Amino acid sequence: MDDVIRRRALVHGSVQGVGFRFSTEGEADRLEVGGFVRNLRDGTVEVEVEGRPDRVALLLEWLREGPRGARVDRVDVSEVEPVGESAFETRH
């Protein structure tokens, strides 16, 4: 079995009110990774993603562009401990 990793990403830019969370959940489901996405009060979007390293890397790469209508200025990524999440959800 492949190793499982988890990463936390803070997405900065014009990323709220443009379908970012909805699109991120769809992309995560397509890649079969777990975790969550949510808006933060400071205008950023927080994403935690868990799964196979190659799949996690693909979602992190996707976050750097985001959905149509979003403008991503930067993505800050940090390592976090896996928690065993296999489903992906939008949190409020």
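**From one ring pair to the whole fold**

A search of the whole structure finds one aromatic pair, where rings of Phe, Tyr and Trp (its six-membered ring) pair if their centres lie within 6.5 Å, and where planes under 30 degrees apart count as stacked, over 60 as edge-to-face and the rest as tilted. The partners are Phe20 and Trp62, whose rings are 6.0 Å apart centre to centre with 55° between the planes, a tilted pair. Because Phe20 lies in helix α1 (residues 20-31) and Trp62 in helix α2 (residues 53-63), the pair ties together parts that are 42 residues apart in sequence. Both Phe20 and Trp62 are buried, which is to say under 20% relative accessible area, with exposed being over 50% and partly exposed in between (1.4 Å probe, protein chains only).

This is a predicted model, in which local features need pLDDT of at least 70 and side-chain atom pairs count only at pLDDT 80 or more, while totals for chains, interfaces and linings use all residues. Residues are numbered from 1 along each chain as its sequence is written, and side-chain values use heavy atoms, with hydrogens and water left out.

The protein has two helices and five strands, taken as DSSP runs numbered from the N terminus (helices are H or I, at least four residues; strands are E, at least two). From the N terminus on, these elements follow the order β-α-β-β-α-β-β. The five strands form an open sheet of mixed pairing, in the order β4-β1-β3-β2-β5, two strands being paired if DSSP finds at least two bridges between them. Since β4 (71-80) and β5 (88-90) stand at the edges, each with a single partner strand, one side of each is left without a neighbour in the sheet. Within the sheet, strand β2 (residues 34-39) and strand β3 (residues 45-51) run antiparallel and are joined by six bridges, and Gly35 stands opposite Val49 in β3.

Helix α1 lies across β1 (5-14), β2, β3, β4 and β5, running at about 170° to β5, whereas helix α2 lies across β1, β3, β4 and β5, at about 160° to β3. Axes here are lines fitted to C-alpha atoms, for helices over the stretch in contact (heavy atoms within 4.5 Å), and angles run from 0 to 180 degrees between N-to-C directions.

As for the whole protein, 40% of its 92 residues count as buried, and its C-alpha trace spans about 40 × 25 × 20 Å along the principal axes.
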